[in-house]
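Biologist: Before I rely on any label, I would like each one traced back to its cut-off. Could we go through them together, with the model in view?

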Amino acid sequence: MIKLLRFLKPFRLYVAIVIILSFLQAIANLLLPTLMADIVDSGIVKGDTQYILRVGAIMLAVTVGGMICAIASSFFSSRAGTGFGKAIRRAIFSHVQDFSLHEFDKVSTASLITRTTNDTTQVQMVMVMGLGMMIGAPLMAIGGVVLAVSQDGALAWLLAGVVPIVFAVLYVLMGKAVPLFKSMQAKLDKLNHVLDEGLTGVRVIRAFNRMDHENQRFDEANLDVTNTALTVNRIMAVLWPAMMLIFNLSSIVMFWFGAIRINNGQMQIGNLLAFLQYAMMIMFSVLMVSFMFVIVPRASAAAARINEVLGIAPDIHDPVQPKSADAIKGHVAFEDVTFSYPGAEEPALSNVSFHAKPGEVTAIIGGTGSGKSTLVSLIPRFYDVDSGKILIDGVDLREMTQEALRSKIGFVPQKAVLFAGTVAENIRYGKEEASDEEVKRAAEISQASEFISGMAGGFDAEIAQVGTNVSGGQKQRLSIARALVRKPEIYVFDDSFSALDFKTDAKLREALKKETGDATVLIVAQRVGTVMDADRIIVLDEGRIAGIGNHRELMKSSEVYREIVSSQLSLEEIA
Ligand code: ADP
Ligand code: MG
């Protein structure tokens, strides 16, 4: 919680205003009963109308003043609180953008979403409510005690008996509620996780008739959250009536003893009325303070979860003195690279060495799970290698800034991702300042222009959320266009032709060859047809290189390659 206070800094003026206003408001509240006692004892009892009117006017002014302070204070504390929440949400989002893929493997997306939304709201709420209360409540409690004693010292001893009872009840009830508040967050995470899976996997769930199973899973998580919330609310429901009971019973006792004292002439009516109001003020303040004891732990649990995310130092960071690499253009060299995913028993890549040269096409082929995607994801430094190194234009990529490195690369991931927006905007994602001509050309090369002109609105056609209104092959071609428009030094295509038919695949590669010219091209593929005419083919098998060479050489030298070729040729022959 304390750590998060730095996000409150820009609003320190508002915080100061809120503190001053709540101070004034508390003073106004404390003044009123004393003024009232004056009216009753000196005005009404003596029948002095002038006095009543004069003090009454002061009371009215104090009330209005207090009200203005209350309104203004909640206005500024809302401003500060919501601004604080916004700053935290922005900090989480931009921090998460800096994560390497390692960190994403550690914290689930569902949990990140809960932390950015629900947890931040908790912290924000404490700020909005707490800012005024933290000053007002203690001040009213202490001021109330002082003024109550000044009204009647003997009756004040009654207060000393009541307040501990209030504390005891609060202690018991809160002790039960607070742990439940904390477990609530974890349960919400779980619920979000099930919801996330249920929505993103909806097609699979339908296809396999698992709706009932998913519904049941959701119901379980939902019920868990509901039950916890119900238990918490039951406890809180007991709290309020219990407090009111204590307040009212103690009022009766005070009236009783007050009446005796008035009868004996030791006290005046006005004093008793004022005293009762102070007593209420004290008890309400105690209630408010203990209410803070409920929401503060809940918010601090939320704050801890936020800090956990903010505290994850990304594995991958830029060097202090970055080197730039512009000697040669787009030369990629792997030198004895070994890499394992965290927690994996076997390395995903072992002792991989090869060179990919500008103006050449380097293809990577291998079975599913052989490490092809892993290999290419090391080039934009999504992960860092365990040992060995990767050189780009002779410079270790860990010595460059990530921005400089990635600006050299046009990356087409295995799973094509589009964003909400138009077709043209999606292609421009590769290069913001690309002209209409460049966008059109990129679409032509990636064989996308034909289907784009078929879409209503052409390049201005809207892509639905996560690209549901385009087919897998169309998505792939758009994400290829996005990489092409950058005109990078290094092209990486991770299985980017898999959803294309043979004819489109061939046409695309034909057009690509002209476009890529002197750039370095790395193509990951499953089909032999896609890689056959590459300058260099790397055969991967269980993370190791099983052969490097062109098609002809590999047919002679590599058993694994021959197997891949023969399996595919026979399949095509049968078809
Ligand atoms: P390919 O692209 O050749 O099909 P991958 O490079 O995707 O293969 O995967 C290689 C191996 O690494 C597989 O055994 C896979 O289970 C593992 N792997 C891939 N991604 C991850 C990840 N994010 N965390 C842990 N293991 C992974
Ligand atoms: Mg792959």
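What follows is a conversation about the labels and the values behind them.

Modeller: This is a predicted model, in which local features need pLDDT of at least 70 and side-chain atom pairs count only at pLDDT 80 or more, while totals for chains, interfaces and linings use all residues. Residues are numbered from 1 along each chain as its sequence is written, chains are lettered from A and ligands numbered from 1 in the order in which they are written, and side-chain values use heavy atoms, with hydrogens and water left out.

Biologist: How many helices and strands are there in the protein chain, and what makes a run count as one?

Modeller: The protein chain has 18 helices and 12 strands; these are DSSP runs numbered from the N terminus, a helix being H or I over at least four residues and a strand being E over at least two.

Biologist: How does the radius of gyration of the protein chain stand against that of a compact globule of 575 residues?

Modeller: The globule rule, 2.2 Å times the number of residues to the power 0.38, is set against a radius taken over C-alpha atoms. A compact globule of 575 residues would come near 25 Å, but the protein chain has 36 Å. Along the principal axes, the C-alpha trace spans about 120 × 50 × 45 Å.

Biologist: Why is Asp119 called buried?

Modeller: Buried means under 20% relative accessible area, exposed means over 50%, and partly exposed lies in between, with a 1.4 Å probe and protein chains only. Asp119 has 0% relative accessibility, so Asp119 counts as buried. This residue sits in helix α4 (residues 109-151), and, leaving aside neighbours within four places in sequence, Asp119 is in contact (heavy atoms within 4.5 Å) with Thr114, Gln185, Ala302, Arg305 and Ile306. Across the protein chain, 47% of the 575 residues count as buried.

Biologist: What makes Ser22 and Val423 buried?

Modeller: Ser22 has a relative accessible area of 4% and is therefore buried; its place is helix α1 (residues 12-44), and its contacts beyond four places in sequence are Ser73, Gly132, Ile135 and Gly136. Val423, in helix α11, is buried because its relative accessible area is 0%. Not counting residues up to four places away in sequence, Val423 touches Ile452, Met455, Gly458, Phe459, Ala461, Ile463 and Leu478.

Biologist: Is Glu432 buried or exposed, and how do you know?

Modeller: With a relative accessible area of 72%, Glu432 is exposed. The residue is found in the loop between α11 (423-428) and α12 (436-445).

Biologist: What makes Ser373 and Gln414 ligands of the magnesium ion (ligand 2)?

Modeller: Donors are N, O and S atoms within 2.8 Å of the metal (3.2 Å for Na, K and Ca), and water is not among the atoms, so sites may look incomplete. Ser373 (OG) and Gln414 (OE1) coordinate the magnesium ion at 2.0 to 2.2 Å. The pair links distant parts of the chain, with Ser373 in helix α9 (residues 372-377) and Gln414 in the loop between β6 (409-412) and β7 (421-422), 41 residues apart. Ser373, at 26% relative accessible area, is therefore partly exposed, and Gln414, at 41%, is partly exposed as well.
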